[in-house]
Amino acid sequence: IGINLFSIGLADPFNDSPKIPGMLTSDAPYYEFIDGLEHHVDNLDYSPPLISGVIGPWVEDIDEDVVLNYIQALVNFGPRVTESTACDNAGTYIYNEFQNMGLDVRYQNWTSGSLSGKNVEATLSGTDTSSDKIFIVLGHYDSVSGSPGADDNAAGTAAALAAAEILSQHSFAHDIRFLAVDGEEQGLHGSSEYVTEAINNGDNIIAALNADMIGYAPDPGDGEKVKVYSNAESQWLFDYILDIESTYDSIIGNFDIIDAGYSGGSDHASFWSGGYDSVFYHEYHFNDYYHSSSDLITYMNMSYDAKVTQLIVATLAELAEPILHEHDISVESIDVDDIVAHGETHTVFATVRNVGNNTESDITVNFTVDGSLIDTATVMQLDTMESTVVSFNWTPDYGTFTLVIETL
């Protein structure tokens, strides 16, 4: 086989290796990874941002219905073999979905040897005009002959589409690209062509999150585990994912994230070969219906699929640094006595936090009861993610009171 896996430190997939998505057979088309790494963008000086911990509502928006709708739409095209009408139509569907979200969309048409296809890329531009950082979520939308490709890999493509649907409604400091690639099953052709173009353009891709087969969990306990493949250069990404899971475990659930090591069997390997950092999210229990006519939604666990997608989207969103203009100052708690006696002055405490990306100054916090202003506190300055406690004096009268903290 012509894939030069050893150029990126991978083991021979035909020597005592478990089956992995996109594993090539001995009669697969001849193909080689990119070998010229000297001109890729150096991102070694990058440090990942602190996790804000405040995008939980966005993560919760990704549920079983969201991912199922996209998976079903792709499966409806039938087997999506590269160069087939079904695959071409699926690519057009993905393009239209991205466009309807208001994103900047393009096809990347490619030819690799005798094979041709098209990648679909949608971009959500960052607000920091001085930043050239790029963060990518991707999945391949092609399947093998005779297979509807529900788990392999409508599931991963749906993760990219779901990420676009949710994150396109918000702003981020850095560019996010939502990518659906073609030609994975014949040898990672689409992703390799994409990386070649990125290198030639000098794209500063900080991280590429690859989703491939993330929806199969047939046995008890499978739904609590997910494998993440990384190389040495991408270990920081694996560590960051652990922190993401810990931060959002009340939403995503307690995932056992398994450090699965190396794998050349999916599109992340093209990014590794190009010198970019990338990880590969993959189900714990390998799909028993892999590359067959039974790779159907029927055998998938949509709750598990949604949870893995939530993990991916939370990671992507935090890496790109969310801009929370409408919620820069968050009220985390209000502390007032359980029994408030009429006519006595009480002290009400409130914890406020700066959940935006910028230092905020001269913050006015109003304490109102039933729409009437009772007291005001001023916070001179709060750095990002810094919190403070403010207090208000309240002498209650008879009646029912609604406590409201207003930040101006």
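What follows is a set of questions and answers on a predicted model.

Biologist: Is Leu-115 buried or exposed?
Modeller: Leu-115 sits in strand β2, which covers residues 115-124. Its relative accessibility is 13%, and the cut-off for buried is under 20%. Leu-115 therefore counts as buried.

Biologist: Which residues does Leu-115 touch, not counting residues up to four places away in sequence?
Modeller: A contact here needs heavy atoms within 4.5 Å. With residues up to four places away in sequence not counted, Leu-115 touches Thr-82, Glu-83, Trp-110, Gln-186 and His-189.

Biologist: How far apart in space are Leu-115 and Gly-190, C-alpha to C-alpha?
Modeller: In sequence, 75 residues separate Leu-115 and Gly-190. In space, C-alpha to C-alpha, the two are apart by 9.9 Å.

Biologist: How is helix α2 oriented against α9?
Modeller: Helix α2 spans residues 64-75 and helix α9 spans residues 302-319. Their axes come within 9 Å and cross at roughly 100°. Angles of 65 to 115 degrees count as roughly perpendicular, so α2 is to α9 roughly perpendicular.

Biologist: What classes of residue make up the contact of α2 with α9?
Modeller: From α2, the residues Glu-64, Val-67, Leu-68 and Ile-71 take part. They meet Met-302, Ser-303, Asp-305, Ala-306 and Thr-309 of α9. By class, the contact has five nonpolar, two polar and two charged residues.

Biologist: Which helices do the buried residues of α2 pack against?
Modeller: The buried residues in α2 are Val-66, Val-67, Tyr-70, Ile-71, Ala-73, Leu-74 and Val-75. They pack against α3 (85-100), α4 (150-167) and α9.

Biologist: In the open sheet of three strands, which strands stand at the edges?
Modeller: The strand order is β11-β12-β15, with antiparallel pairing. A strand with a single partner has one side left without a neighbour in the sheet, so the edges are β11 (329-335) and β15 (387-394).

Biologist: Which residue in β15 is the bridge partner of Arg-353?
Modeller: Strand β12, residues 346-354, pairs with β15 in the antiparallel sense over eight bridges. In β15, the bridge partner of Arg-353 is Ser-387.

Biologist: Is Ala-207 buried or exposed?
Modeller: Ala-207 lies in strand β6, residues 204-211. Leaving aside neighbours within four places in sequence, its contacts are Ile-134, Phe-135, Ile-136, Trp-236, Leu-237, Asp-277 and Leu-319. With a relative accessible area of 1%, Ala-207 is buried.

Biologist: How many residues of strand β9 are buried?
Modeller: Strand β9 covers residues 278-283. On one side Ser-278, Phe-280 and His-282 are buried, and on the other Val-279, Tyr-281 and Glu-283 are buried. The buried residues of β9 number six of six.

Biologist: Which residue in β9 is the bridge partner of Asn-210, and which is the partner of Tyr-229?
Modeller: β6 and β9 pair in the parallel sense over four bridges, while β7 (residues 225-230) and β9 run antiparallel and are joined by five bridges. The partner of Asn-210 in β9 is Phe-280. For Tyr-229, the partner in β9 is Phe-280.

Technical notes
Residues numbered from 1 in each chain as written. Predicted model: local features only at pLDDT ≥ 70, side-chain atom pairs only at ≥ 80, totals over all residues. Heavy atoms only, no water. Helix = DSSP H or I, 4+ residues; strand = E, 2+ residues; numbered from the N terminus. Buried < 20%, exposed > 50% of the residue type's maximum accessible area, 1.4 Å probe, protein only. Axes fitted to C-alpha atoms, helices over the stretch in contact; angles between N-to-C directions. Parallel < 35°, antiparallel > 145°, perpendicular 65-115°, else oblique. Nonpolar A, V, L, I, M, F, W, Y, C, P; charged D, E, K, R; others polar. Pairing = 2+ DSSP bridges.
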